[in-house]
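Here are a few friendly notes to read alongside the model. Take them one at a time, and keep the 3D view open as you go.

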Amino acid sequence: MELKEFQSDTIIEPFRIRSVEPIRFTKMSERKELLAQAGYNPFLLKADDVLIDLLTDSGTGAMSARQWSGMISSDESYAGSSSFYRLESAVHDITGFEHLIPTHQGRAAENVLFTTIASEGDVVPSNTHFDTTRAHVEHAGAEARDLVIEEGKQPRSQHPFKGNIDLKKLERTIQEVGTENIPIIMMTVTNNSGGGQPVSMANIRAVSELARDHGIPFFIDACRFAENAWFIKNREKGFADKSPIEIARQMFNYADGCTMSAKKDGMANIGGFLALNNDELASECRNLEILTEGFPTYGGMAGYDMEAVASGLYEALDEDYLRYRVRSIAYLGDKLLEAGVPIVEPTGGHAVYIDAKEMLPHIDSLEYPAWSFNNALYLLGGVRGVEIGSVMFGKQPDGSEKPAAMELVRLAFPRRVYTQSHVDYLAEVIIAAYEQRDQLTGYKIVDGPEVLRHFSAHLEPLE
């Protein structure tokens, strides 16, 4: 009997679910009251009051049976833990970097790095710094300068690698600032603030060559390195036959170090690290690590966290998982585009980004259109996303306000948590909010901190 090979269009999760967690349904009248009590800031909502939580993909994923079994057999020794050496082996195998400095999460790795290397008057170029990276650079007195290519600022552009750094702008920055005032060049992969867009291997190589020609260290913000490797495999010529881990190794080979939030492509609920090759810098960073995080063989992590990350780094590079994850994001993007909802195109690897600037032209950027639409999603369907716009990035170091380059609502998918039916419901909520977009109003900030205000600010809707 001769049968044709079956090809399915259905997105099938490459895992089985053996443990479930209930979610609570609320009425819209309840959500109105809850949002007001939270100062109209979704960060301040209780998780139990959220139905579909897409605030972040950081530390919110489901861990595997392999990770849980490793956690049970972990070593919690203060010094010389075997769990540390398993993590060190995994990091070295994937990145090639000699020194591992474990931290409790990615922003702690940024703190250790930039406190050590950056000072007043320095400039740190990047494709786009994310919020905590920018905050740590600026806290050290330096300037965080974004140099993403122009296509990366254009939501409709179909450029396959919109996360690329503009090489001409980088060269001009080096000439203008001077190599002595650039402690490192950073590259965020994938580019979170710019719509989760990937960076090409050619661009990583070119930045590496430019950095080495000028004697400037080159570091990668590697939070979503596996997703970036998948895009290179599928979009860049010459990589189709390479595995994600081979591509990842090549990416890291061009760099001198990386910061990592293991809560993303480490597939763990907590953890991070700084990895690098420079012996002297590693020694300085370890001294600060002991002061702020812990002994160098655990840093800010428990042994069971290190076990989870050691396994999770490999699981994030699994082709079946990456195919499913990226396709799930594209599935939602396709539904929204079909309904006319403006999003950042093409969809990235961890989130769909809704373009609130195009959707809500009647709301000025400094009245926070993305914040308005994000709140509408919660009011209508109990969905929590996050604004990446002028609330997050509008406050300048000198205290002035400047509209962000884009006004986006990021809907970040926790790893291995939601099913296709959740995504179908999510699409219905977004489309319903889009159809009522003319009813939405702007917001004003009532109070909030000077730094990273989006986490805790209180706002009010404008009449």
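1. Let's begin with a term: two strands pair if DSSP finds at least two bridges between them. Helices (H or I, at least four residues) and strands (E, at least two) are themselves DSSP runs, numbered from the N terminus. This is a predicted model, in which local features need pLDDT of at least 70 and side-chain atom pairs count only at pLDDT 80 or more, while totals for chains, interfaces and linings use all residues. Residues are numbered from 1 along each chain as its sequence is written, and side-chain values use heavy atoms, with hydrogens and water left out.

2. Now find strand E7 (residues 257-261) and its partners. Strand E6 (residues 218-221) pairs with E7 in the parallel sense, over three bridges, and aspartate 221 stands opposite threonine 259 in E7. With strand E8 (residues 272-276), E7 pairs in the antiparallel sense over five bridges; here glycine 257 is opposite leucine 276 in E8.

3. Why is E7 largely enclosed by the rest of the structure? Five of its five residues are buried, so the strand is largely enclosed. Buried means under 20% relative accessible area, exposed over 50%, and partly exposed in between (1.4 Å probe, protein chains only). In a regular strand the side chains alternate between the two faces of the sheet. In E7, Gly257, Thr259 and Ser261 point one way and Cys258 and Met260 the other, and all are buried.

4. Next, look at helix H4 (residues 106-117). Its 12 residues reach 17 Å from first C-alpha to last, close to the 16 Å expected at 1.5 Å a residue (the expected span is 1.5 Å times one less than the number of residues). The buried residues of H4 include Val112, Leu113, Phe114 and Ile117, and Glu110 is also one of them.

5. Finally, visit the largest pocket. A pocket is an open set of points on a 1 Å grid over the protein atoms alone, with protein on both sides within 12 Å along at least five of seven lines; lining residues have an atom within 4 Å of a point. The largest pocket is lined by 37 residues, and Ser19, Ala62, Met63, Arg416 and Val417 lie nearest its centre. Helix H2 (65-72) and helix H12 (319-338) are the elements that give two or more residues to this lining, and H2 gives the most, with three.

Technical notes: 1 Å grid on protein atoms, 1.4 Å probe; cavity = no way out; pocket = protein on both sides within 12 Å on 5 of 7 lines; lining within 4 Å.
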